[in-house]
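Here is a walk through one protein model, taken piece by piece. Have a look at the picture and then read on.

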Amino acid sequence: MTIETNNEPDSGPVSGPVGGPDTGAPAVVLAVAGLRRSFSGLTAVDGIDFEVRAGEVVSVIGPNGSGKTTTLNLVSGVIRADSGRVSLGGTRIDRSTVEEIAAAGLARTFQNGRVFGGLTVAENVEVGLYPTRRAARPLRRLARLPVLRWLALVAEVAVALVPTRAVRAEQAEVAARVTAQLARFHERLAPRRDNQAHTLSYANRRRTEIARALASGPRLLLLDEPTAGMNQTETAEVLDQLLALKAAGQTMLLVEHKLDLVMALSDRVLVMDNGRIIAAGPPHQVRNDPAVIEAYLGRRRAGGSSEETA
Ligand SMILES: Nc1ncnc2c1ncn2[C@@H]1O[C@H](COP(=O)(O)OP(=O)(O)OP(=O)(O)O)[C@@H](O)[C@H]1O
């Protein structure tokens, strides 16, 4: 077996702040401390602290512009923090590259859904396995060094042209994993595996993106508004899939505006306002927190919104 996976249960001791055997609490998968980021004088994320434990589903809600997506971008390395610390499984990742963070076991989807339109559905999912491949990338460690990156690429091309037995075995494993991910989405994706992604409906593009994020068996899955732009039926279907993932033990951190989904799915909810976490706790507790009602839900209700969204 040559593909590195990250979906082993996080029950063993890890360095950094942990629960584990001593406390009986699941290990900390993600630890965020003092995270801060400003854009041209505007503080988007203002020194936040939180943890996500193994098997937990944590949702981040809050009004538009409160700092939710910036938080996901900081955690996943898409942008750098001005200060603060992010650890995945006890290892600091806030100065790592996006690829290093992916290889460490973090996968994510984006707010507007990002797929490679010219690739097939299966190829899009296969991309998600790239950071975990070893045989197909024999000199992958050199890719970190700008001067020697070309050597890593040459080695990749060489084994693609003349695949070794290990590369062929890895390719077979990749194909099996892609098929398993597409099967997760039943008739939505499996029959479309060879269709180019640009021909898919919006909902199927988003499903493809989730399948790609799951392909590597991530230790932590970040989802940025996984049901944005979906109708009620599509949203309910995605909720069922996320509940199945949760039942299988997948650790997730998501940003979501649809409160019904958040309430049904989350173990804990973090409420952000003006870059800060103003409340955190189980869904029913957060829903009834006077500070949240005042700062956020109350605003909505006062505005007479009939659809309760975050
Ligand atoms: N790249 C950027 N450059 C400048 N300002 C930014 C950038 N990214 C985010 N911001 C600002 O930071 C603040 C937080 O934005 P962010 O997208 O994190 O909020 P959000 O809670 O995810 O909002 P929404 O629910 O609308 O997606 C906003 O005022 C936004 O305009």
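How many helices and strands does the protein have? There are 11 helices and 10 strands, where helices (H or I, at least four residues) and strands (E, at least two) are DSSP runs numbered from the N terminus.

## Before we start

This is a predicted model, so to speak of local features a pLDDT of at least 70 is needed, side-chain atom pairs count only at pLDDT 80 or more, and totals for chains, interfaces and linings use all residues. Residues are numbered from 1 along each chain, as its sequence is written.

## The overall picture

Of the protein's 310 residues, 40% count as buried. Here a residue is buried if 20 or more other C-beta atoms lie within 10 Å of its own, exposed if 12 or fewer, and partly exposed in between, with C-beta atoms placed from the backbone.

Now for contacts: two residues are in contact if their C-beta atoms, placed from the backbone, lie within 7 Å. Take the contacts between residues at least 6 apart in sequence, and 66% of them join residues at least 24 apart.

## Two domains

The domain assignment gives domain 1 (9-115 + 218-267 + 275-310) and domain 2 (119-199); such bounds come from an automatic or database assignment. Where the two meet, six residues of domain 1 are in contact with six residues of domain 2. On the domain 1 side, helix α2 (residues 98-103) gives the most, with three residues. That side divides into four nonpolar residues, one polar and one charged. For these classes, Ala, Val, Leu, Ile, Met, Phe, Trp, Tyr, Cys and Pro count as nonpolar, Asp, Glu, Lys and Arg as charged, and the others, Gly among them, as polar.

## Around the ligand

Which residues surround the ligand? They are F39, L42, A44, G62, N64, G65, S66, G67, K68, T69 and T70, where a residue is near a molecule if its C-beta atom, placed from the backbone, lies within 6 Å of it. By class, this shell has three nonpolar, seven polar and one charged residues.

Both β2 (42-53) and α1 (68-75) supply at least two residues of the shell, and α1 gives the most, with three. Seven of the eight residues of α1 are buried, so this helix is largely enclosed by the rest of the structure. The buried ones are K68, T70, T71, L72, N73, L74 and V75. Just after α1 comes G77, with a positive phi of about 80°.

## The nonpolar core

A nonpolar core is a set of buried Ala, Val, Leu, Ile, Met, Phe, Trp, Tyr and Cys residues joined through C-beta atoms within 7 Å. The largest one here has 64 residues, and those with the most contacts inside it are V29, L30, L220, L221, L222, L253 and V271. Strand β1 (residues 28-39) gives the most to this core, with six residues.

What does L221 touch, leaving aside its neighbours within four places in sequence? L221 is in contact with A107, A213, L214, Q250, T251 and M252.

## Loops, and two phi angles to look at

Most residues other than glycine have a negative phi. S40 is not a glycine, yet its phi is positive, at about 45°. You'll find S40 in the loop between β1 and β2, and it counts as exposed because it has 4 C-beta neighbours inside 10 Å. N274 is not a glycine either, and has a positive phi of about 50°. N274 sits in the loop between β9 (268-273) and β10 (276-281). Is N274 buried, exposed or partly exposed? With 15 C-beta neighbours inside 10 Å, N274 counts as partly exposed.

A81 is in the loop between α1 and β4 (83-88). A81 is buried, because 21 other C-beta atoms lie within 10 Å. Not counting residues up to four places away in sequence, A81 touches L35, R36, R37, L74 and D94.

## One more helix and a strand

Helix α8 (residues 232-247) has 16 residues and reaches 22 Å from its first C-alpha to its last. That is close to the 22 Å expected at 1.5 Å a residue, the expected span being 1.5 Å times one less than the number of residues. After α8 comes G249, whose phi is positive, near 95°.

Over in strand β3 (residues 57-61) lies I61, which counts as buried with 27 C-beta neighbours inside 10 Å. I61 and K246 are 185 residues apart along the chain, and their C-alpha atoms are separated by 19 Å.
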